[in-house]
There are 2 protein chains.
Amino acid sequence: MSHPTGPDHSRRKERSRQAIFAATRALVAEQPYSEVTVGAIAARAGVGKQTIYRRWPSKSAVVFAALLALSENPDGQSLTLPDTGDLAADLKLVMRATAEEFADPSFDRLIRALNTEITHDPALAAEYHTRLAQPLEEAKRARLRSAQEAGQLGAEADLDLALDVLYAPLFQRWLHRSGPLDAAYTDSLVDAMLRAFSP
Amino acid sequence: MSHPTGPDHSRRKERSRQAIFAATRALVAEQPYSEVTVGAIAARAGVGKQTIYRRWPSKSAVVFAALLALSENPDGQSLTLPDTGDLAADLKLVMRATAEEFADPSFDRLIRALNTEITHDPALAAEYHTRLAQPLEEAKRARLRSAQEAGQLGAEADLDLALDVLYAPLFQRWLHRSGPLDAAYTDSLVDAMLRAFSP
């Protein structure tokens, strides 16, 4: 007989968690965000509504957790950016991948829905900032700090500002659909940031 | 007896137009965007619903026109940015004013509502781009071009990219409420752009 906190229980719990996230992402990709309900997510995942509400207080919280799960490392380690010593090459690689992710229709739908929510909900904006934006920013900042220590960025460079200059134009182009999310654009942002913040 | 296209008619038409815009801005500032209706705008402005529908096809179109009217010059001339010859000073002045505008609660509500709409509505996104973003960008680009011709920006500088580097971080900070919309921030953006795109 398996104990409720034993390995079988943990595996079942993880399976239901993954099923809930997959159902959430599928539903958000299929319908307008306002029409997605916790009941529909539960039905699609094959779990009871209470299984969801025991872990997440609201629809926004599950959607948000489903998005966070996408950037989880399988080994549970914290996020790090490549560091080959070539700052320009490392940043271009990462930003090309980010642009591709944004250009993917199912990710686009999920992140667009979340953006609408956080525009109007300061509490969710704060949670987004703490749980998703901040860990990502910390990983990017760590890469810039390593470059700064190697003398590839100015000793006085404001690394937060450098991150804004790198990522905000990409985000805005995606949000406003004002231009292609391609490697030419992300490469040019890396080059501009390096010109602005190199020693 | 005044002719229907005569000066009295024009004045009445302009008065009702201004009343409709004022009503629209007031209602959008007071309630969630989804609850604002063309009927409520008409009632507040003291005109019939048909007066609105004759000129604008939808709620989004009136809201959008009300926003556009905010940046109209009284003399009907096209938008231009200050050009004293000192690029850094001119841009800092303009960007400080933009940050103040974004920080104003009633403007904030209007532009936040519009942003939600354009996130989900590609047609409105295109209209926003053509009618509001593009004329503003053209005015900013003209100022950068004048600086480029004066040798203050590199001959090869990509002026569109320079504009993205200047404005996207400010926009993102406003949208995500991720930091203060103050002069220190806008000044630092101008300085970063100048370092990236100076000869």
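How many salt bridges does the rule count over all chains?

1. Over all chains the count comes to 22 salt bridges, a salt bridge being a side-chain nitrogen of Lys or Arg within 4 Å of a carboxyl oxygen of Asp or Glu. This is a predicted model, in which local features need pLDDT of at least 70 and side-chain atom pairs count only at pLDDT 80 or more, while totals for chains, interfaces and linings use all residues. Residues are numbered from 1 along each chain as its sequence is written, chains are lettered from A and ligands numbered from 1 in the order in which they are written, and side-chain values use heavy atoms, with hydrogens and water left out.

2. Chain A holds nine helices and zero strands; both are DSSP runs numbered from the N terminus (helices H or I, at least four residues; strands E, at least two). The C-alpha trace of chain A spans about 60 × 40 × 30 Å along its principal axes.

3. One salt bridge within chain A joins A:Arg96 to A:Asp187, with the closest N and O atoms 2.6 Å apart. A:Arg96 belongs to helix H5 (residues 87-103) of chain A and A:Asp187 to helix H9 of chain A, so the pair ties together parts that are 91 residues apart in sequence.

4. UniProt, in an unreviewed entry, places the feature "DNA-binding region" at residues 37-56 of chain A. UniProt positions are given in the numbering used here, feature names are shortened, and annotations may be inferred rather than shown by experiment. In the model, this span is 75% helix and 0% strand, and its end C-alpha atoms lie 13 Å apart.

5. Chain A is superposed on chain B by a rotation of 180 degrees with 0.0 Å of shift along its axis (RMSD 0.1 Å), fitted by least squares on the C-alpha atoms of residues with pLDDT of at least 70 in both. That is the relation of a two-fold axis. The C-alpha of A:Ala196 is the nearest to the axis in chain A, 2.1 Å from it.

6. In the interface, 29 residues of chain A are in contact with 29 residues of chain B, contact meaning heavy atoms within 4.5 Å. Of the interface residues of chain A, 100% are also interface residues in chain B, so the copies meet through the same surface.

7. Chain A and chain B bury about 2600 Å² between them, 63% of it on carbon and sulfur atoms; buried area is the accessible area (1.4 Å probe) that two parts lose on being put together, summed over both. Helices H6 (105-120), H7 (122-149), H8 (159-176) and H9 (183-197) of chain A each give two or more residues to the side that touches chain B. H8(A) gives the most to that side, with 11 residues. Between chain A and chain B the count is zero salt bridges.
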